[in-house]
Amino acid sequence: MMLQLLWLIPLLPLGGFAVNGLLGARFLPRRAVAIVACGSVLGAFVLSAGAILELGSGARFAQTLFEWMPMGQTPGGDDLSVSWGYALDPLSAVMILIVTGVGFLIHVYSIGYMEHESRAGFARFFSYLNLFMAMMLTLVLGASLPVVFVGWEGVGLCSYLLIGFWYDRMFDAKAKMSCADAGRKAFITNRIGDVGFVLGMLILFASTGTLDIQGILESAGSIDPAIGAAAALLLFLGACGKSAQIPLYVWLPDAMAGPTPVSALIHAATMVTAGVYVTCRMAPLYLHAPGAMMVVAVVGGLTALFAAIIGIAQDDIKKVLAYSTVSQLGYMMLGAGVGAFSGSIFHLMTHAFFKALLFLGAGSVIHAMSGEQDIRLMGGLRRHLPVTHATFVVAVLAIAGIPPFAGFFSKDEILAGVLRAGGESTPFLAIGLWVLGILTAAITAFYMTRLYLLVFAGESRAPEETRRHLHESPASMTLPLVVLAAGSALAGFLGVPELLGGGLLPNFLERYLAPVFEAAGSAFPGHAEGAALPEGAALGIALLASLAGIAAAWAAYRRGPLATGAVEPRGLTGAVKNRFYVDEAIDAVVLAPYRGLCRVAAAVDEKIIDWLVNSVGAATDLASQLGRLAQTGYVRNYAFVFFLGTILVLVFVLR
């Protein structure tokens, strides 16, 4: 019964979008807007849970609603028509629970966070949030690539709308970037990746004769290896855009221009997980393209370390978390690239809990600090924000990989997968990727501890006026924090590795996802049963790395910021603080030539094309003026011209 209502899961938030978008600004009070927005997402969560329970373990349910569009003919000459349908299996089941569950908590939190917004803005914000949820659920449940692509583009549109929600505000005065500019940056960067997604989709259609995901995956083994690798790499280009991997990660830190609940939604439950999800969804395709998998693993590992290094020197509380998200997404891609797909999804799930908690906690801090986001001007907030502080600590420990919090188990599963992937044939590759993961873990623990110390520990460095207004957030904001903290603390027990469980605690999530990823771990180059390092030793090293990161940050920042001088840092420190000047390099190499080309095109248009067009017009006007002289309307003039013409004809004939 509940499975038959699968179509209603994305439709409920879509209905909330329509109601609040059309009626909210003029006819509905704030309370009604909030009830519609939160109720639609809660309804989607209840339906999701019911459908998953009815589905059972390891099954797959597909639902076709209607024929959508004709797509021509297959390579075999058969007519092809794409239908609008949804499919539920263990992978999409985990995803819809994350999207609707965490998304609902973010909706509830937003009621308190956006209470100062105007009534029209309040309704507009919640209608956009609902649309975001509907598009992400369409992406996750889509049974064919075109349906997935509708959700794929939909979340891109919603991110543009929500990042630029305060479109008339300045976001980065130094870079002269408004919130609207940040939204455009996200939109355009993602379109670059989308080109790859579309091309990959077309290659798969040409190779398999279908756009149905299940059909493509069943035919993955028969695709020419080179063509399969090309399709996998093009799809990964799309994933790089959505999941902010090198080189298409630059939009995500600037996505902080949107309200903080938007940041939580994008970073934890919706958009950035789309690329990881599609990569894992197409696992059989990647398993037959080991070269493409290696690219995924290397890009993921480098992204994880690169973003973590940048996170060390950021002073904006939300930008620290933004680079943290880029880094953790790199972890997930690293796991997918070595065939540890279940580990990647496991980390996606735990990350949804602690990253949503971190962003919403940051929002609570910003709310208390009257909008201040510079962590150098905070300190001592643990006394004023007890609930926010306690839950934030849980999130920091979870992302730092400290047992028994969630991030410890999921991160370990990815690192163990990296070591298993190398085996005996390619141990150096495995060790290299694993070292990237270990360094990232240590740096993550360092910058998250730094963030905690500068915000909550020590004495307050806020102005006196701000200190007088410090207060804990309302219950609508703190209750979601408590629920997310429970998830951050306990979700890891869904995937306890055999080494730590001792056979008593089953790796429930791995078993649940096994029907989807049953062939995982068998196609990475050089894969063998043995691991490059014993799992126990590798786990101990990873834990020591995290503890070392925490200790280093404690030693450096327990007394507050290292320096608050006005002198800009130079050298490597300056490069890290300025994000390795990547944005400046893109501006110099890509945007500046583009703007120069635009100026040349404008000059050609104004000076040459306009001159030619105006000259043609002037010539036509002159010809018409001359012609007008012959159209006087007097018969005597026409008779005189006729007489002259006759004489000329006679002279020509008689000469």
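Analyst: Start with burial. Buried means under 20% relative accessible area, exposed means over 50%, and partly exposed lies in between, using a 1.4 Å probe and protein chains only. Asn-507 has a relative accessible area of 11%, so Asn-507 is buried. A note on the source: this is a predicted model, where local features need pLDDT of at least 70, side-chain atom pairs count only at pLDDT 80 or more, and totals for chains, interfaces and linings use all residues. Residues are numbered from 1 along each chain as its sequence is written, and side-chain values use heavy atoms, with hydrogens and water left out.

User: Where is Asn-507 placed?

Analyst: First, the elements. Helices (H or I, at least four residues) and strands (E, at least two) are DSSP runs, numbered from the N terminus. Asn-507 sits in the loop between helix 21 (498-501) and helix 22 (508-513).

User: What does the side chain of Asn-507 reach, and which residues does Asn-507 touch?

Analyst: Two ideas here. A polar contact is a pair of N or O atoms within 3.5 Å; within protein, one must be able to donate a hydrogen and the other to accept it, and residues adjacent in sequence count only if both atoms are side-chain atoms. The Asn-507 side chain reaches the backbone nitrogen of Glu-510 at 3.2 Å. Leaving out residues up to four places away in sequence, Asn-507 touches Glu-413, Leu-494, Gly-495, Val-496 and Pro-497.

User: Is Leu-6 buried or exposed?

Analyst: Leu-6 counts as buried because its relative accessibility is 0%. Leu-6 lies in the segment before helix 1 (8-24). Beyond four places in sequence, the residues that Leu-6 touches include Phe-61, Tyr-86 and Leu-141. Sequence distance and spatial distance are separate things to check. Leu-6 and Ala-51 are 45 residues apart in sequence, with 7.1 Å between their C-alpha atoms.

User: How many disulfides does a search of the whole structure find?

Analyst: A disulfide is a pair of cysteine sulfur atoms within 2.5 Å. The search finds zero. Take Cys-38. Its closest cysteine sulfur is in Cys-158, 17 Å away, so the two are too far apart for a bond. Cys-158 is in no disulfide. Both are buried: Cys-38 has a relative accessible area of 8%, and Cys-158 has 1%.

User: Which peptide bonds are cis?

Analyst: The general idea comes first. Most residues other than glycine have a negative phi, and most peptide bonds are trans. Here, a cis bond joins Ile-246 and Pro-247, with omega about 5°. Pro-247 lies in the loop between helix 8 (225-242) and helix 9 (251-254). Another cis bond runs from Pro-403 to Pro-404, with omega near 5°. Pro-404 is in the loop between helix 16 (386-399) and helix 17 (406-422).

User: What is the phi of Phe-580, and of Tyr-581?

Analyst: Phe-580 has a positive phi, near 60°. Tyr-581 has a positive phi too, near 55°. Phe-580 is in the loop between helix 24 (571-577) and helix 25, and Tyr-581 is in the loop between helix 24 and helix 25. Phe-580 counts as partly exposed at 28% relative accessibility, and Tyr-581 counts as partly exposed at 39%.

User: Where does Ile-608 lie?

Analyst: Ile-608 lies in helix 25 (residues 582-629). At 44% relative accessibility, Ile-608 counts as partly exposed.

How values were computed:
Contact = heavy atoms within 4.5 Å.
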